Amino acid sequence: MNALGTIQLHQGTVYGPVVSRRLGRSLGINLLPNEIKVCSLDCGYCQFSWTGILSCHPRHFSAFLPSRDEVLSSLESSLKTLAGEGAPPDRITFSGNGEPTLHPEFASLVDDVVSLRDIYAPSCRTAALSNSTTAFNPGIRSALLRLDEPMMKLDAGSEEVFLRVNRPARGVRFYEILKGLEAMGAGMVLQSIFVDGSVSNLSDEDVDDWCQAVRRIGPSAVQIYSLSRGTADRGLVSVPSEKLKAVSRRLEEIWGRPGEVYTFPLDEREEP
C-alpha cells in the first residue's frame, strides 16, 4: 500500500523552476485554478489527489481560470528575473493543476509563450505535459506540435484498461485519444505509467495491448515509469524497476524500439 500523501496544488500561474530528471530546470505554467484540480481524467495515481472538477467542457470551469494576460504577465516577469540572475530555465512547461489544454485559449497561449521564450530565454525549450484527451482536436493538436516537446500520456492499450486506470470524464473516448496521438506521431514523446495493487495495467494482455497501441502511434520516444510520490488511491503500489524493464523489452519485441525506463526514490517530489 502507498503510504505517502498527495501534494498540494501549485499556487500561481507560473512556478519553479522545478528540478526534474526528465526536464532539467523546468519553469511551470499552470493554466488552471489554484484552489481545485481541473482535469478530464480522475487517475488514482495522481499526485494531486482526486479531480475536483472532472470535465472536458470549459463551461464547467472557465470562470476559475487565469486570463491570457495574467499568464503572460507572470511568465514575462519570471523570465526577466531569471535572465537577470543569469539562470534561464532549461524548459518552460505547460503543466499545473490538471490538464493544461483544457484552457480555452491554450493555442494562443502556446504562441505567446514561444514568443516570450525567444526574447528572454532563446536556448530554453518549450514543453507540455498532457493527458492526451484533447489531442483529437486539430487546433489543440497543432498547438501542441508547435512546442519543442509535447509529452503525451498513454497508460492503456484498450478501452477497458483506460476506464479502469484513468477514470475519464463523460464524453472522453479512448478511440479519439488514439486517433489524436496517431496524428501527432513522431512529433511527440509518449509517457506511460504502470501501476499495481488496487488497480493494475501490468498483465501480459494489458502490456501487449499497450505495445500495439504504441506501435500504431509511432512516437519519437516512450518514457516508462511508475509511482514516485503519494497517490489519490492509497491502494496503489509502485512497480519494481525489473518489471518496468520487462515492459520495455516487450515493447522492443513488438515495436522494434525499447522504452526509456525511469525510476525514482519513493520520497521524490520533482515535476514529472
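## Salt bridges, cavities and backbone features of a predicted model

R91, R125 and E149 are linked in a network of salt bridges, a salt bridge being a side-chain nitrogen of Lys or Arg within 4 Å of a carboxyl oxygen of Asp or Glu. The model is predicted, so local features need pLDDT of at least 70 and side-chain atom pairs count only at pLDDT 80 or more, while totals for chains, interfaces and linings use all residues. Residues are numbered from 1 along each chain as its sequence is written, and side-chain values use heavy atoms, with hydrogens and water left out.

**Salt bridges**

The search of the whole structure finds 12 salt bridges.

| D42 | R167 | 3.3 Å |

Secondary structure elements are DSSP runs numbered from the N terminus, with helices (H or I) of at least four residues and strands (E) of at least two. Accessibility is given as relative accessible area: buried means under 20%, exposed over 50%, and partly exposed in between, with a 1.4 Å probe and protein chains only.

The side chains of D42 and R167 meet in a salt bridge. This pair links distant parts of the chain, 125 residues apart: D42 is in the loop between β3 (38–39) and β4 (53–54), and R167 is in the loop between α4 (159–166) and α5 (174–184). D42 is buried at 8% relative accessibility, whereas R167 is partly exposed at 39%.

R125 belongs to strand β6 (residues 125–130) and E149 to strand β7 (residues 149–153), so the pair ties together parts that are 24 residues apart in sequence. The relative accessibility of R125 is 36%, which counts as partly exposed; E149, at 13%, counts as buried.

D208 is partly exposed at 26% relative accessible area, and R250 is partly exposed at 29%.

**Helix α1**

V71, L72, L75, L79 and L82 are the buried residues of α1. They cover an arc of only 100 degrees around the axis, which puts them on the same side of α1; the arc is that of the directions from the helix axis to the C-beta atoms. An α-helix has 3.6 residues a turn, so residues three or four places apart point the same way. Exposed residues D69 and G84 are carried on the face of α1 turned away from its buried side.

On a 1 Å grid over the protein atoms alone, a cavity is a set of points where a 1.4 Å probe fits but cannot get out, and a pocket is an open set with protein on both sides within 12 Å along at least five of seven lines; lining residues have an atom within 4 Å of a point. Grid points are joined across faces, edges and corners, and a volume is the space filled by probe spheres set on the points.

There are two cavities of 30 Å³ or more. The second largest cavity holds about 60 Å³ of space. Its lining residues are L41, N131, K153, L154, D155, A156, F162, N166, F174 and I177, with at least two residues supplied by each of α4 and α5.

The volume of the largest pocket is about 240 Å³. It is lined by 19 residues, of which C56, L102, T134, N137 and I140 are the closest to its centre. α2 (106–120) and α5 each supply at least two residues of this lining.

**Backbone features**

G16 and P17 are joined by a cis peptide bond with omega of about 5 degrees, and P17 lies in strand β1 (residues 14–20). S49 is not a glycine but has a positive phi of about 75 degrees. S49 is in the loop between β3 and β4 and is partly exposed at 24% relative accessibility. S132, also a residue other than glycine, has a positive phi near 80 degrees. S132 is in the loop between β6 and α3 (138–145) and is buried, with a relative accessible area of 0%.
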